[in-house]
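Hi there,

Here is the structure I promised to pass on. Have a look at it first, and then read on for what turned up.

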Protein chains: 2
Amino acid sequence: MTVSKTAGVDAGKLPRPPRKENGEGAGEPAALQMGELSELLGYSLKRAQLKVFEDFLNCVAPLQLTPAQFSVLLLLDRNPGRNQTEIANTLGILRPNFVAMLDGLESRDLCARVRSTNDRRSHILVLTDKGRAVLARAKRLVATKHEARLNELLGPANRAALLEMLAKIAREF
Amino acid sequence: MTVSKTAGVDAGKLPRPPRKENGEGAGEPAALQMGELSELLGYSLKRAQLKVFEDFLNCVAPLQLTPAQFSVLLLLDRNPGRNQTEIANTLGILRPNFVAMLDGLESRDLCARVRSTNDRRSHILVLTDKGRAVLARAKRLVATKHEARLNELLGPANRAALLEMLAKIAREF
DNA sequence: GGCGTTTGATATAGTGGATAACAATTATCG
DNA sequence: CGATAATTGTTATCCACTATATCAAACGCC
């Protein structure tokens, strides 16, 4: 596996007609053989994931939300009264790394840390009004642009089957 | 999205019986609601990808090969006579980042850079005998341990369908 | 009341991905 | 042919994400 974002296809230039026309006469590169790479689930998994994330970023660009930030807002909305550790753990974020992430969201007034009265160590995380508004708009963008595009590519049934298999791998593998 | 490797579930400790037994009497955390996160393809995609890569690493651990390194060896085997740019591009690796990666493989005598006689700028990449041997063993480990486990989890038909959909996303999305 | 734990936080290191720039070499066009 | 542009491998950086150790404050418990 590997898979970056830009490369892969040959990040274009154009100042001049690339090279030859390559009818088939002279020796010409031609695409490489992927070999058993095409059968490696992990490889396609990674490349697909990059594509999906890239599209997500594009679709939600007006709101300046990364997938990770979106997932945090979603969780906060569905799980009021939780602290940083709980949210971070459910998302698979290490608590130290979650601090800076929250700083970012809080500085944009999308959420806030509230000292818990029961346990004065922990911060209860709450969505601000702005956070709720942004989340609502993000949800709409994701549904109508991002997921809709996937639906169009795969068809609803396939998309559902794909989701289920991925969830199964994430859960049981 | 988010998803690290360790966190997510609550990287265990044990010096003492965690806390309460939680029959159901007193207030207890309970798992958070994932909400529409469960419907986000990108989220499951990422988590599944991490799991698969993790398992890949485990399965190929005796050979000390990462997914990326394995993919390079595979490509070199199937595409003799190619240079760094061609291999890197096909794998979606940026050429600058490919240099250190090749240094690693070359220092382990798994492949070698050979100056091309036609174009003295480029390095033709070749697998060494040791590289071929390691690749062969890696292939076997991947097939009998890694992919076999996925097959067991999903079933052959589902696995094939999954692979096809992922490839389609990677290709056309 | 004291010991161990948990919580948020900091510092830090490692990895992967991305861009700019460079020397050597090659291609191309006038 | 000679100048200019392009390509190849490389270095140097930078940024994002991941990971570990450690800390002070607060809490739980015997």
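Let me start with a helix pair in chain A. Helix H2 (residues 67–78) of chain A packs against helix H3 (residues 84–91) of chain A at an angle of about 125 degrees, and their axes lie 11 Å apart. The two helices, H2(A) and H3(A), are therefore oblique to each other, and their crossing is right-handed. On the H2(A) side the residues involved are A:Ser71, A:Val72, A:Leu75 and A:Leu76, which meet A:Ile87, A:Thr90 and A:Leu91 in H3(A). Sorted by class, the residues of this contact between H2(A) and H3(A) are 5 nonpolar and 2 polar, with no charged ones. Please keep in mind throughout that this is a predicted model.

Stepping back to the whole of chain A, you will find 6 helices and 2 strands. Along the sequence they follow the pattern α-α-α-α-β-β-α-α. Chain A has 173 residues, of which 35% count as buried. If you take the contacts in chain A between residues at least 6 apart in sequence, 50% of them join residues at least 24 apart.

Over in chain B, helix H3 (residues 84–91) is worth a look too. Its buried residues are B:Ile87, B:Ala88, B:Asn89, B:Thr90 and B:Leu91. What do the buried residues of H3(B) pack against? Their partners are helix H2 (67–78), helix H4 (95–107) and strand S2 (123–127) of chain B. Just after H3(B) comes B:Gly92, with a positive phi of about 75 degrees.

Another pair in chain B is helix H1 (residues 41–59) and helix H5 (residues 129–154), whose axes come within 9 Å and cross at roughly 150 degrees. That angle is over 145 degrees, which makes H1(B) roughly antiparallel to H5(B). The crossing of H1(B) with H5(B) is right-handed. H1(B) brings B:Asp55, B:Phe56 and B:Cys59 to the contact, while H5(B) brings B:Leu141, B:Val142, B:Lys145, B:His146 and B:Arg149. By class, the contact of H1(B) with H5(B) has 4 nonpolar, 1 polar and 3 charged residues.

Now for how the two chains come together. The contact takes 61 residues from chain A and 61 residues from chain B. On the side of chain A that touches chain B, the elements giving two or more residues are helix H1 (41–59), H2, H3, helix H5 (129–154) and helix H6 (156–172) of chain A. H1(A) gives the largest share of that side, 14 residues. By class, the side of chain A that touches chain B has 33 nonpolar, 15 polar and 13 charged residues.

How are the copies related?

How values were computed:
Residues numbered from 1 in each chain as written. Chains lettered and ligands numbered in written order. Predicted model: local features only at pLDDT ≥ 70, side-chain atom pairs only at ≥ 80, totals over all residues. Axes fitted to C-alpha atoms, helices over the stretch in contact; angles between N-to-C directions. Helix = DSSP H or I, 4+ residues; strand = E, 2+ residues; numbered from the N terminus. Parallel < 35°, antiparallel > 145°, perpendicular 65-115°, else oblique. Left-handed = near helix turned anticlockwise from the far one by under 90°. Contact = placed C-beta atoms within 7 Å. Nonpolar A, V, L, I, M, F, W, Y, C, P; charged D, E, K, R; others polar. Buried ≥ 20, exposed ≤ 12 C-beta atoms within 10 Å, placed from the backbone.
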